[in-house]
Amino acid sequence: MSSLSTKAWAFLKEKHFAILSTINRDGSPQLTTMWYILDDDGSIVMNTQIHLQKAKNIHRDSRIAICVQDGPRYVTIRGAVAIIDDQIHIQQDLRNLIDRYIEGEINKQQYYKTFTGQQRISLRLASEKVTEYLA
């Protein structure tokens with residue numbers, strides 16, 4: 001069950017980028033701009049290469065936060081993220097993310113070819129704590 005308000009749900013369905021915050025080994029934050037999808041169950045779906053720092057951080061400590069912002073409007077979500085390493089789910093998530101963010105069929109095919117040649121994981125964040133300002 002999602003803890004997102006109707007306004008937050010509508011805002012997150014718009015095409016924005018998320019800033020993902022993970023925790024480095026020394027306790028400092030690590031920030032990355034990410035593509036995301038709001039899934040039908042209210043979870044946030046992202047995808048990344050397994051060798052990147054954010055993936056290493058998440059494997060060590062699954063607590064993350066994201067902020068999706070547009071001018072003064074924002075939604076921040078924090079919680080524990082689930083790591084998905086099932087290739088069928090990863091491929092579907094990649095297709096959905098590429099469809100959301102990339103224009104043109106040729107461009108989409110190029111991105112998909114590049115991404116499927118990489119070792120990747122999908123991330124699913126359930127909204128445990130939501131803060132929003134959507135005036």
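Hi everyone, thanks for coming. Please keep in mind that what you see is a predicted model. Let's begin with helices α3 and α4.

Helix α3 covers residues 87-101, and helix α4 covers residues 105-116. They pack at an angle of about 145°, and their axes are 10 Å apart. The crossing of α3 past α4 is right-handed. So who meets whom there? On the α3 side we have Gln 91, Leu 94, Arg 95, Ile 98 and Asp 99, and on the α4 side Lys 108, Tyr 111, Tyr 112, Phe 115 and Thr 116. Sorted by class, that contact has five nonpolar, two polar and three charged residues.

Now each helix in turn. The 15 residues of α3 reach 21 Å from the first C-alpha to the last, close to the 21 Å expected at 1.5 Å a residue. Its buried residues are Ile 90, Gln 91, Asp 93, Leu 94, Leu 97, Ile 98, Arg 100 and Tyr 101. What do the buried residues of α3 pack against? Their partners are helix α1 (6-13), the strands β3 (37-38), β4 (44-49), β6 (73-84) and β7 (120-125), and of course α4.

On to α4, with 12 residues and a reach of 16 Å between its first and last C-alpha, close to the 16 Å expected at 1.5 Å a residue. Lys 108, Tyr 112 and Phe 115 are the buried residues here. Looking down the axis of α4, you find these buried residues within an arc of 70°, so they line one face of the helix. As a reminder, an α-helix has 3.6 residues a turn, so residues three or four places apart point the same way. On the face turned away from the buried side of α4 sit Ile 106, Gln 109 and Lys 113, which are exposed. The buried residues of α4 pack against α3 and β7.

Last stop: Lys 54, which belongs to helix α2, residues 53-60. Is Lys 54 buried or exposed? Its relative accessible area is 9%, and because buried means under 20%, Lys 54 counts as buried. Leaving aside residues up to four places away in sequence, Lys 54 touches Leu 20, Thr 22, Gln 30, Thr 32, Met 34 and Thr 48. Take Thr 22 from that list: Lys 54 and Thr 22 are 32 residues apart in sequence, yet 6.1 Å apart in space, C-alpha to C-alpha.

Note on methods:
Residues are numbered from 1 along each chain as its sequence is written. This is a predicted model: local features need pLDDT of at least 70, side-chain atom pairs count only at pLDDT 80 or more; totals for chains, interfaces and linings use all residues. Side-chain values use heavy atoms; hydrogens and water are left out. Axes are lines fitted to C-alpha atoms, for helices over the stretch in contact, and angles run from 0 to 180 degrees between N-to-C directions. Helices (H or I, at least four residues) and strands (E, at least two) are DSSP runs, numbered from the N terminus. A crossing is left-handed if the near helix is turned anticlockwise from the far one by less than a right angle, and right-handed if clockwise. Contact means heavy atoms within 4.5 Å. Ala, Val, Leu, Ile, Met, Phe, Trp, Tyr, Cys and Pro count as nonpolar, Asp, Glu, Lys and Arg as charged, and the others, Gly among them, as polar. Buried means under 20% relative accessible area, exposed over 50%, partly exposed in between (1.4 Å probe, protein chains only). The expected span of a helix is 1.5 Å times one less than its number of residues. The arc is that of the directions from the helix axis to the C-beta atoms.
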